[in-house]
Amino acid sequence: MNKLKKVVFILFLIAFSLPLFAQNSNFPQGSSSGRTEMADGDLRPTQIPNVAIQITEPRSGREVAFSVRLLLLLTILTLAPSILILTTCFLRFSIVLDFIKRALSLQQVPPTSVLNGIAFFMTLFVMWPTFSNVYEKAYKPLSSGQITIEEAYKEAETPIRMFMYSQMAEDTTYIKQFMNMAKLEKPKTLADVPTYILIPSYILHELTVAFKIGILLYIPFIIIDMVVASILMAMGMMMLPPVQISMPFKLVLFILVDGWGLLTNQLFVSVIK
């Protein structure tokens, strides 16, 4: 009997709610009508643009000059890191900073990227007059159309050659060595030394100078390591690593003598004479 009452009650609710659903089936007033079906014209394929590459012959000398300039610019941008490292004092600075890091027995501090950043900005500071000279005599006249690319190259090459030669003025051993290897006559002036001889000579000279500075930096810290190792041996602590004990003493000594200030000062003095 209860089930029958429930069924009758449900049927009554359904019969009562049908007129309400029928009245609310229309959209409210002011709304836009829509449809769920899509016509064939409504389907549009995805538009993929066409990429066309054309190779044409130059019609004038200006187009040839522009192509050559673009090629030279891309080449310079590709070789810019190597040029910066090998023809400036960046090589000396970076090697010396790495030497001092190893002399202090430091593994991760400061990171290599930080040392390279310090060497880069120190190089920018030292080389700023040379870069300004290149900009004033080569890039600026070239951009205004006063000189050609060949003339701009010669004007930009001269200050850099003068800087490299000034570092090797007291020791021209490597220049003579490469001149003999190339079977060229003994140069009388800087103009007689080709650039392809001057650059490798400068690189070897910078490596030699950087290693000499690194050896001088190592000596006081090696003495500290030897003293600490001798004390540990005398105390019978042979299993304790001497580097672990000597590193704080080396750091204290480096801070007390203002190591970073002395190091940067001497690096600048070694370049700017």
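Tutor: Two packed helices are described by the angle between their axes and the distance between the axes. In this predicted model, local features need pLDDT of at least 70, side-chain atom pairs count only at pLDDT 80 or more, and totals for chains, interfaces and linings use all residues. Residues are numbered from 1 along each chain as its sequence is written, and side-chain values use heavy atoms, with hydrogens and water left out.

Student: How are H5 and H7 oriented to each other?

Tutor: Helices (H or I, at least four residues) are DSSP runs numbered from the N terminus. Axes are lines fitted to C-alpha atoms, for helices over the stretch in contact, and angles run from 0 to 180 degrees between N-to-C directions. Angles under 35 degrees count as roughly parallel, over 145 as roughly antiparallel, 65 to 115 as roughly perpendicular and the rest as oblique. The axes of H5 and H7 cross at roughly 40 degrees and come within 10 Å; the two helices are therefore oblique to each other.

Student: Is the crossing of H5 and H7 left-handed or right-handed?

Tutor: A crossing is left-handed if the near helix is turned anticlockwise from the far one by less than a right angle, and right-handed if clockwise. For H5 and H7 the crossing is left-handed. Contact means heavy atoms within 4.5 Å; here H5 contributes Glu157, Arg161, Phe163, Met164, Tyr165 and Gln167, and H7 contributes Thr195, Leu198, Ile199, Tyr202, His205 and Glu206. For classes, Ala, Val, Leu, Ile, Met, Phe, Trp, Tyr, Cys and Pro count as nonpolar, Asp, Glu, Lys and Arg as charged, and the others, Gly among them, as polar. The contact of H5 with H7 has six nonpolar, three polar and three charged residues.

Student: At what angle do H7 and H8 pack?

Tutor: Their angle is about 140 degrees, with the axes 9 Å apart, which makes H7 oblique to H8. The crossing is right-handed. Residues of H7 in the contact include Phe221, Ile224 and Val228, and those of H8 include Ile245, Phe249 and Leu253. By class, this contact has ten nonpolar, one polar and two charged residues.

Student: How are H3 and H9 oriented to each other?

Tutor: The axes of H3 (residues 90-103) and H9 come within 11 Å and cross at roughly 150 degrees, and the pair is therefore roughly antiparallel. H3 passes H9 in a right-handed crossing. Arg92, Phe93, Val96, Leu97 and Ile100 of H3 meet residues of H9 including Trp260, Leu263 and Phe268. The contact divides into nine nonpolar, one polar and one charged residue.

Student: What volume does the largest pocket have, and how many residues line it?

Tutor: On a 1 Å grid over the protein atoms alone, a pocket is an open set of points where a 1.4 Å probe fits, with protein on both sides within 12 Å along at least five of seven lines; lining residues have an atom within 4 Å of a point. Grid points are joined across faces, edges and corners, and a volume is the space filled by probe spheres set on the points. The largest pocket has a volume of about 1400 Å³ and is lined by 30 residues, of which Ile76, Ile83, Val134, Tyr153 and Ala156 lie nearest its centre. H2 gives the most to this lining, with ten residues. The lining has 22 nonpolar, five polar and three charged residues.

Student: Which helix supplies the largest share of the lining of the second largest pocket?

Tutor: H9 does, with six residues. This pocket holds about 290 Å³ of space.
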